[in-house]
Amino acid sequence: PVRVLSGGERVKVELARLLLSESNLLILDEPTNHLDVFALEALEKLLSEYAGTLLMVSHDRRFVSGIAQRLLVIEGGTLAAFEGTLADYEAKRAIRDEQAERARQQVELGADTLRMRMAAIDARLNGKGLSADQREELEREYFDIARRLRALKAQ
């Protein structure tokens with residue numbers, strides 16, 4: 001009787017029942033939980049040969065890598081579809097992350113350049129020998145740079 005089986009054994013029985021049914025859609029939530037290595041390998045083989053549609057939620061990256069050909073990924077509170085394997089997704093994500101880091105570094109470099117220019121302007125404004133027009137032009141540039149810095153921070 002099923003009632004005398006352990007949790008892992010019950011999971012195996014339920015998975016076997018599902019896979020032997022004539023269903024063309026399987027929805028599995030963490031199907032690798034409670035499975036030993038042998039059962040996990042058998043399940044991976046069966047699911048990779050399954051002819052229907054499989055919707056699976058799993059945190060087991062190795063298992064997902066062996067089965068999934070299309071991913072629905074939740075990142076930053078949004079759901080996105082990705083056509084390809086987990087390895088394809090991770091490679092694309094690494095490229096995207098690298099590009100974002102380079103862009104962030106460019107913004108930071110631009111901000112550093114603006115801050116250095118502000119410091120140079122400040123030094124000139126605190127010095128002597130400036131005409132009223134020169135002082136006004138430097139102040140205008142200083143406030144323009146401050147505005148640009150605020151815009152960079154807002155990005």
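**Close-up views of a predicted model**

**View 1. Threonine 32 in its loop.** Threonine 32 sits in the loop that runs between strand S1 (25–29) and helix H2 (37–48). Everything shown here and in the views below comes from a predicted model. Is threonine 32 buried or exposed? Its relative accessible area is 10%, so threonine 32 counts as buried, the cut-off being under 20%. Which residues does threonine 32 contact, once neighbours within four places in sequence are left aside? They are Leu40, Ser58, Asp60 and Phe63.

**View 2. Glutamate 30 and its partners.** Let us stay with the loop between S1 and H2, where glutamate 30 is also found. With a relative accessible area of 16%, glutamate 30 is buried, because this value is under 20%. Not counting residues up to four places away in sequence, glutamate 30 touches Val57, Ser58 and His59. Take a look at glutamate 30 and valine 57: they are 27 residues apart along the chain, yet their C-alpha atoms are separated by 5.5 Å.

**View 3. The largest pocket.** Here we turn to the largest pocket, which has a volume of about 910 Å³. It is lined by 25 residues, and the closest to its centre are Met56, Val64, Arg70, Leu71 and Leu72. Which elements give two or more residues to this lining? They are H2, strand S2 (53–57), helix H3 (61–67), strand S3 (70–75) and helix H4 (86–126). S3 gives the most to the lining of the largest pocket, with six residues. By residue type, the lining of the largest pocket has 16 nonpolar, five polar and four charged residues.

**View 4. The largest nonpolar core.** In soluble globular proteins, nonpolar side chains tend to be buried together. In this model, the largest nonpolar core has 20 residues, and those that touch the most other members are Leu43, Leu47, Met56, Phe63, Val64, Leu71 and Tyr89. Two or more residues of this core come from each of helix H1 (7–20), S1, H2, H3, S3 and H4. The largest share, four residues, is given by H2.

View 5. You have already met valine 64 among the residues closest to the centre of the largest pocket. With neighbours within four places in sequence left aside, valine 64 is in contact with Met56, Ser58, Leu71 and Leu86.

Note on methods: Residues are numbered from 1 along each chain as its sequence is written. This is a predicted model: local features need pLDDT of at least 70, side-chain atom pairs count only at pLDDT 80 or more; totals for chains, interfaces and linings use all residues. Side-chain values use heavy atoms; hydrogens and water are left out. Buried means under 20% relative accessible area, exposed over 50%, partly exposed in between (1.4 Å probe, protein chains only). Contact means heavy atoms within 4.5 Å. On a 1 Å grid over the protein atoms alone, a cavity is a set of points where a 1.4 Å probe fits but cannot get out, and a pocket is an open set with protein on both sides within 12 Å along at least five of seven lines; lining residues have an atom within 4 Å of a point. Grid points are joined across faces, edges and corners, and a volume is the space filled by probe spheres set on the points. Ala, Val, Leu, Ile, Met, Phe, Trp, Tyr, Cys and Pro count as nonpolar, Asp, Glu, Lys and Arg as charged, and the others, Gly among them, as polar. A nonpolar core is a set of buried Ala, Val, Leu, Ile, Met, Phe, Trp, Tyr and Cys residues joined through side-chain atoms within 4.5 Å.
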